[in-house]
Amino acid sequence: MATVRVAFANILKHLRKQRNINQEKFGEMVGLHRTYISQLERGLKSPSLDVLYHIANSLNIKLSVLMNLVERELKK
């Protein structure tokens, strides 16, 4: 069973790649540095609520949808 941080990392990386956006471009879209995006995707950092909101908006999904995907990933 994955931790919340690892589940979020997996979902974030999947959604970003699904949209064909590299980490640098995604960082620009969200307003974060590429290295922070990398740390999020490797499960090394946990995002704040503000960052989660900006990530969801940049992916054109609701925050609740993002969290639902993370919950599903946790159950795998």
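Buried here means under 20% relative accessible area and exposed over 50%, with partly exposed in between (1.4 Å probe, protein chains only). The model is a predicted one, so local features need pLDDT of at least 70 and side-chain atom pairs count only at pLDDT 80 or more, while totals for chains, interfaces and linings use all residues. Residues are numbered from 1 along each chain as its sequence is written, and side-chain values use heavy atoms, with hydrogens and water left out.

Two salt bridges turn up in the structure, each being a side-chain nitrogen of Lys or Arg within 4 Å of a carboxyl oxygen of Asp or Glu. One pairs Arg-16 with Glu-41, with 2.5 Å between the closest N and O atoms. Arg-16 sits in helix α1 and Glu-41 in helix α3, so this pair ties together parts 25 residues apart in sequence; helices are DSSP runs (H or I, at least four residues) numbered from the N terminus. Arg-16 and Glu-41 are both buried. The other bridge joins Lys-76 to Glu-73 at 3.2 Å, N to O. Here Lys-76 counts as exposed, at 73% relative accessibility, whereas Glu-73 counts as buried, at 14%.

Then there is helix α4, which spans residues 49–58 and has Val-51, Leu-52, Ile-55, Ala-56 and Ser-58 buried. Looking down the axis of α4, these buried residues fall within an arc of 165 degrees, so they line one face of the helix (the arc is that of the directions from the helix axis to the C-beta atoms). Exposed Leu-49 and Asp-50 are carried on the face turned away from the buried side of α4. The cover over the buried residues includes α1 (4–18), α2 (23–30), α3 (34–41) and α5 (63–74), contact meaning heavy atoms within 4.5 Å. Just past α4, Asn-60 adopts a positive phi of about 60 degrees.

How values were computed
Helices (H or I, at least four residues) and strands (E, at least two) are DSSP runs, numbered from the N terminus.
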